Amino acid sequence: MKDPKDEKGIHTDFINRMTYGEYLHLEPLLSSQNRLSGHHDEMLFIIIHQVSELWMKLILHELNASIEAIEKGELSMAFKMLARVSKIQSQIIEAWDVLSTLTPSEYVQFRDKLGQASGFQSHQYRMIEFALGYKTTHVLEIYKKDPDLHRKLTEALHKPSIYDVSIKALSAAGLPIPNETLNRDVTVTYKGDGAVETAWLEVYRSPEAYWDLYELAEKLIDIEDWLQQWRFRHMKTVERIIGFKKGTGGSSGVTYLKKVLDHRFFPELWDIRTKL
């Protein structure tokens with residue numbers, strides 16, 4: 001292997017130049033892992049959750065931009081962003097494999113230090129759910145402690161989801177969608193519509209005629225598929241570490257996580273597979 005000192009042109013004088021660490025703000029980033037216990041494995045627990053939050057920040061960045069692109073009819077731009085979301089999701093799923101190296105005996109040594117803090121309170125995860133169309137107003141109570149954060153979540157609640165704008169894209173392509181569906185209250189979780197199912201069936205039966213919509217549908221299915229895999233790995237990791245104990249945030253833990261596995265964000269896209 002070539003010694004770096006033999007490489008010509010390497011910059012070494014950074015007295016008046018920005019460094020890699022400065023660009024990434026590594027000092028505050030790497031100083032944010034503050035254990036509340038003296039237990040070795042708390043560092044793992046903190047870093048896994050911080051890394052997941054960073055990935056979720058990027059997911060929201062891509063999802064929100066893709067919603068704007070679909071609203072403008074720029075579906076091809078949205079495809080690249082949604083494909084990236086799926087790749088990010090695969091990274092978050094693999095994080096559970098790392099966390100599952102934490103044993104019940106190790107976790108119990110510092111679990112009480114968490115108090116009522118829980119991943120259930122992740123505001124970014126809630127915003128991802130909102131962006132995908134799962135709107136739950138009662139969770140906003142959690143964030144009243146921080147007015148700015150509460151306002152941000154309230155604004156996200158009132159924005160159309162990626163499925164709302166995708167249904168409007170169906171209508172823009174000439175497929176019949178009822179006005180009450182196109183103009184529905186976007187703060188309410190979408191439950192499904194027969195006309196939307198018929199429209200997606202037409203797209204899948206004639207993909208050449210509706211290629212962009214066909215590709216959009218498959219990108220949405222990818223995202224929901226990966227999200228459900230993430231939820232399953234979350235549930236099994238929690239079961240592996242704490243069994244059926246209550247979560248630190250007060251949820252029923254594994255029982256709650258099993259229930260959310262039944263929720264579907266894009267119901268018609270799953271139902272049509274049986275009817276094709």
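Contact is taken here to mean heavy atoms within 4.5 Å. The structure is a predicted model, in which local features need pLDDT of at least 70 and side-chain atom pairs count only at pLDDT 80 or more, while totals for chains, interfaces and linings use all residues. Residues are numbered from 1 along each chain as its sequence is written, and side-chain values use heavy atoms, with hydrogens and water left out.

The protein contains 13 helices and 0 strands, where helices (H or I, at least four residues) and strands (E, at least two) are DSSP runs numbered from the N terminus. The C-alpha trace spans about 60 × 55 × 40 Å along its principal axes. Of the 276 residues, 43% count as buried (under 20% relative accessible area, with exposed over 50% and partly exposed in between; 1.4 Å probe, protein chains only). Among contacts between residues at least 6 apart in sequence, 70% join residues at least 24 apart.

The loop between helix H6 (123-132) and helix H7 (147-157) includes Thr 136. Thr 136 has a relative accessible area of 9% and is therefore buried. Apart from neighbours within four places in sequence, Thr 136 is in contact with Phe 130 and Leu 157.

A nonpolar core is a set of buried Ala, Val, Leu, Ile, Met, Phe, Trp, Tyr and Cys residues joined through side-chain atoms within 4.5 Å. The largest such core has 73 residues, of which Leu 63, Ile 162, Trp 200 and Leu 213 touch the most other members. Helix H11 (residues 211-242) supplies the largest share of this core, 12 residues. When residues up to four places away in sequence are not counted, Trp 200 touches Tyr 163, Ser 166, Leu 170, Leu 213, Ala 217, Glu 268, Leu 269 and Ile 272.

The axes of helix H8 (residues 162-172) and H11 come within 11 Å and cross at roughly 160°. H8 is therefore roughly antiparallel to H11 (angles over 145 degrees; under 35 counts as roughly parallel, 65 to 115 as roughly perpendicular and the rest as oblique). Axes are lines fitted to C-alpha atoms, for helices over the stretch in contact, and angles run from 0 to 180 degrees between N-to-C directions. On the H8 side, Ile 162, Tyr 163, Ser 166, Ala 169 and Leu 170 meet Leu 213, Leu 216 and Leu 220 in H11. The residues of this contact comprise 7 nonpolar, 1 polar and no charged (Ala, Val, Leu, Ile, Met, Phe, Trp, Tyr, Cys and Pro count as nonpolar, Asp, Glu, Lys and Arg as charged, and the others, Gly among them, as polar).
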